[in-house]
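Here are a few notes to read alongside the model. Take them one at a time and find each spot as you go.

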Amino acid sequence: MALLPRLPPRRPDAHKGDFGRALMIGGSRGMAGAIALSGMACLRSGAGLVKLAVPECILDTVAGFEPSYMTVSLVCDSSGFLFPQAFDQLSPHLGSATCVACGPGLGRSNDLTQFVHQLYATAKQPLVIDADGLNALAALPNGLAQRGGPRILTPHPGEFARLVKAPDDAKLSRDEQIAKAKQLAADHGIVVLLKGQHTMITDGAQAATNSTGNPGMATGGTGDVLTGIITALVCQGLSPFDAAVLGVHVHGLAGDLAAAELGQVSLIARDLLRYLPKAFLAVA
């Protein structure tokens, strides 16, 4: 990838506040690992402080994965999905966040659709949206029309088809997906990261295609890791477009380093966390 964005060098007198505060929202009963992977990836990618906002029923599980991030409990229903009232609990934490992420392990319900829409429309900070966060926006007639601040959407082809309201029986070619992604980004003033063999990133005016990654990364949880990486890069001052470009490159490079040692068949998402340090060193 030409002209890969770079993080600035860290000053000797820097402190954790200089590298941003990440707020990551997600998880549900049975999917606590998704938001935990995002949080751990965000830490490994350099964010100064990382806070995970999760349903109260999985708080202890999420907290047990990693002692270096903070957790905050949000009200949920008996199925482990967030209530719309959880947004009121979230508001005090939004105020101090540098970048927000939403979606990993969130689940799907009418209440969650309302929750995600409120977050999308009101949060002034950059917001990275993945997984069920994207499905919630796609469930609304004009889910992308009203945004409170910069937005980075990271759909795989199926999620993207739902976002652009493609018919269920439509088989969009990769060229059609890319053209629609550029148009979607331009129409709504957002960054779209369209996942695939050669992930494409666009803000409507410019586009970049990624060359790292391998088929071993086609396993559950790798997208959650990517969400954490991009969130951390925004926290450290990169623009949404540059954070997406560098994030997907480092994510794929970590996968390539892991596959070289472990093989593609045995690669799992948590392996990417082990190789993120080497990937960042390679692009420093």
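1. Start with Arg-151: its charged end sits over the ring of Tyr-120, 5.3 Å from the ring centre. A charge counts as over a ring if NZ of Lys or CZ of Arg is within 6 Å of the ring centre and within 35 degrees of the ring normal. Arg-10 also lies over a face, that of Phe-19, at 3.5 Å from the ring centre.

2. A word on the source: this is a predicted model, where local features need pLDDT of at least 70 and side-chain atom pairs count only at pLDDT 80 or more, while totals for chains, interfaces and linings use all residues. Residues are numbered from 1 along each chain as its sequence is written, and side-chain values use heavy atoms, leaving out hydrogens and water.

3. Next, the aromatic rings. Searching the whole structure finds one aromatic pair (ring centres within 6.5 Å). Phe-87 and Phe-115 form this pair edge-to-face (planes over 60 degrees apart), at 6.2 Å centre to centre and 75° between the planes. The pair links distant parts of the chain, 28 residues apart: Phe-87 is in helix H3 (residues 86-94) and Phe-115 in helix H4 (residues 110-122). Helices here are DSSP runs (H or I) of at least four residues, numbered from the N terminus.

Conventions
Phe/Tyr/Trp six-rings, centres within 6.5 Å; stacked < 30°, edge-to-face > 60°. Helix = DSSP H or I, 4+ residues; strand = E, 2+ residues; numbered from the N terminus.
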